[in-house]
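Please look over this model and its helices. A short report on selected features comes after it.

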Amino acid sequence: MCENIYEAISKKLKAISDQKRLKIVDMLSCGELCACEILEKFDITQPTLSSDMKKLEEAKLVTSRRQGKNTYYTLNKKALEHFLEQLEYIFGDKPDCICHSEEKLDY
């Protein structure tokens with residue numbers, strides 16, 4: 001497996017390791033939401049939400065679109081499916097697993 005799979009997975013895990021961002025992902029699992037709808041559920045400021053959403057977008061877990069003054073967010077279903085496949089791969093036993101390698105691991 002390509003070495004960058006670990007980097008890609010760790011970026012996504014880091015993005016959702018914050019429980020507020022994980023709750024936002026859960027909210028978006030029901031469909032697209034306006035930033036204002038997300039803000040209603042949390043006791044945070046708009047800049048804080050923007051920072052959280054930027055982290056989720058950088059991890060490619062969420063996409064956004066602007067409509068007038070509003071920003072709408074949705075889950076990136078394709079990226080999430082790929083992320084789950086990657087997790088299944090690293091959590092499963094496979095012939096090319098790093099445990100079978102004699103090379104030292106970089107971290």
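Predicted model: local features only at pLDDT ≥ 70, side-chain atom pairs only at ≥ 80, totals over all residues.

**Helix H5**

Helix H5 runs over residues 77-91 and has 15 residues. From first C-alpha to last it reaches 21 Å, close to the 21 Å expected at 1.5 Å a residue. Its buried residues are Ala-79, Leu-80, Phe-83, Gln-86 and Leu-87. Viewed down the axis of H5, these buried residues fall within an arc of 120°, so they line one face of the helix. An α-helix has 3.6 residues a turn, so residues three or four places apart point the same way. The cover over the buried residues of H5 includes helix H1 (4-16) and strand S3 (70-75). The face turned away from the buried side of H5 carries exposed Lys-78, Glu-81 and Glu-88.

**Helices H2 and H4**

H2 (residues 19-28) packs against H4 (residues 46-58) at about 75°, with the axes 10 Å apart. That makes H2 roughly perpendicular to H4. The residues in contact are listed by helix.

| Helix | Contact residues |
|---|---|
| H2 | Lys-20, Arg-21, Ile-24, Val-25, Leu-28 |
| H4 | Thr-48, Leu-49, Asp-52, Met-53, Lys-55, Leu-56 |

By class, this contact of H2 with H4 has six nonpolar, one polar and four charged residues.

**Lys-60**

Lys-60 sits in the loop between H4 and strand S2 (62-67). Its phi is positive, about 65°, although Lys-60 is not a glycine. Most residues other than glycine have a negative phi. Is Lys-60 buried or exposed? Its relative accessibility is 51%, so Lys-60 counts as exposed, the cut-off being over 50%.

Notes
Residues numbered from 1 in each chain as written. Heavy atoms only, no water. Helix = DSSP H or I, 4+ residues; strand = E, 2+ residues; numbered from the N terminus. Expected span 1.5 Å × (residues − 1). Buried < 20%, exposed > 50% of the residue type's maximum accessible area, 1.4 Å probe, protein only. Arc of directions from axis to C-beta. Contact = heavy atoms within 4.5 Å. Axes fitted to C-alpha atoms, helices over the stretch in contact; angles between N-to-C directions. Parallel < 35°, antiparallel > 145°, perpendicular 65-115°, else oblique. Nonpolar A, V, L, I, M, F, W, Y, C, P; charged D, E, K, R; others polar.
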